[in-house]
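Good morning, and thank you for coming.

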Amino acid sequence: MSTRQPIPVAAPVPAAEPMVPVTPLMYAALPDERFPIPAVDVSQVEERWWRRDVDYETSERPGTVIVDTPAKYLYHVKPRGRATRYGIGVGREGFSWSGRAIIAYKREWPRWTPPDSMVARQPELEPYSIANGGMDPGLRNPLGARSLYIHQGGKDTLYRIHGTPEAWTIGKAVSSGCIRLLNQDIIHLHSEVRDGSPIVVIPDPMMEQIALG
């Protein structure tokens, strides 16, 4: 008489551990800053938005900053058809700005003073108004570690290029018109850009169409 052999049951395969993105050196913590900056959580920002040097043909001269609003990239033009490219967050519907101007000056760990129009929309910002001296610099300050100030025709446009610790906002339209970069990226850009550099902000045609109704 033959006996049936038991059919072996395969052991369950353990689920693979999710891959944790490796933080590149350029996004490591900066403990020596005035306010120590933690490493970027690169799981919150797609690799396509990471800083890199790229080929970039343009008629603008080296040193120019070009903000490609619809593509969510900022380019710092270098010689011989190259540029440093940064992923950015841009102004949401109704708050974008575009045109030609200059970067009049730049600041490390700036104070933040929301314009009166913003305070009118958000009264809770009154303690940080111009009349009250603004918000002290620090990791919670909306301008982050550095800020570049955009002037047009000799006047402050009230728009800035600045840092942010909110990695998830890069590649999105979320701000009140300002251009935001990761804190590590704005520190890099701040060190490269000179006062008086030209800036070109390319408008987003979709946003313009919405604004015009």
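Let me begin with a term: two strands are said to pair if DSSP finds at least two bridges between them. What you see here is a predicted model, so please keep that in mind throughout.

In the parallel sense, β11 pairs with β2 over 4 bridges, and V67 stands opposite V201 in β11. How many of the residues of β11 are buried? The number is 5 of 6, so to speak a strand that is mostly covered.

L181 deserves a moment of attention. Leaving aside its neighbours within four places in sequence, L181 is in contact with residues including L74, I161, I170, I186 and L189.

My last topic is the aromatic rings. The model contains 8 aromatic pairs. In one of them, the ring centres of F35 and W109 are 4.9 Å apart with their planes at 65 degrees, and because planes over 60 degrees apart count as edge-to-face, the pair is classed that way. F35 lies in the segment before β1 and W109 in the loop between β6 and α1, so the pair ties together parts that are 74 residues apart in sequence. W109 is buried, at a relative accessible area of 5%, whereas F35 is partly exposed, at 24%.

Another pair is formed by W112 and Y128, with centres 6.4 Å apart and planes at 40 degrees, so this pair is tilted. W112 lies in the loop between β6 and α1, and Y128 in the loop between α1 and β7, so parts 16 residues apart in sequence are tied together. Here W112 is buried, at 12% relative accessible area, and Y128 is partly exposed, at 26%.

Finally, ring pairs link W49, Y56, Y73 and Y75 into a cluster. Over the ring of Y73 sits the charged end of R85, 4.3 Å from the ring centre.

Key: Residues are numbered from 1 along each chain as its sequence is written. This is a predicted model: local features need pLDDT of at least 70, side-chain atom pairs count only at pLDDT 80 or more; totals for chains, interfaces and linings use all residues. Side-chain values use heavy atoms; hydrogens and water are left out. Contact means heavy atoms within 4.5 Å. Buried means under 20% relative accessible area, exposed over 50%, partly exposed in between (1.4 Å probe, protein chains only). Helices (H or I, at least four residues) and strands (E, at least two) are DSSP runs, numbered from the N terminus. Rings of Phe, Tyr and Trp (its six-membered ring) pair if their centres lie within 6.5 Å; planes under 30 degrees apart count as stacked, over 60 as edge-to-face and the rest as tilted. A charge sits over a ring if NZ of Lys or CZ of Arg is within 6 Å of the ring centre and within 35 degrees of the ring normal.
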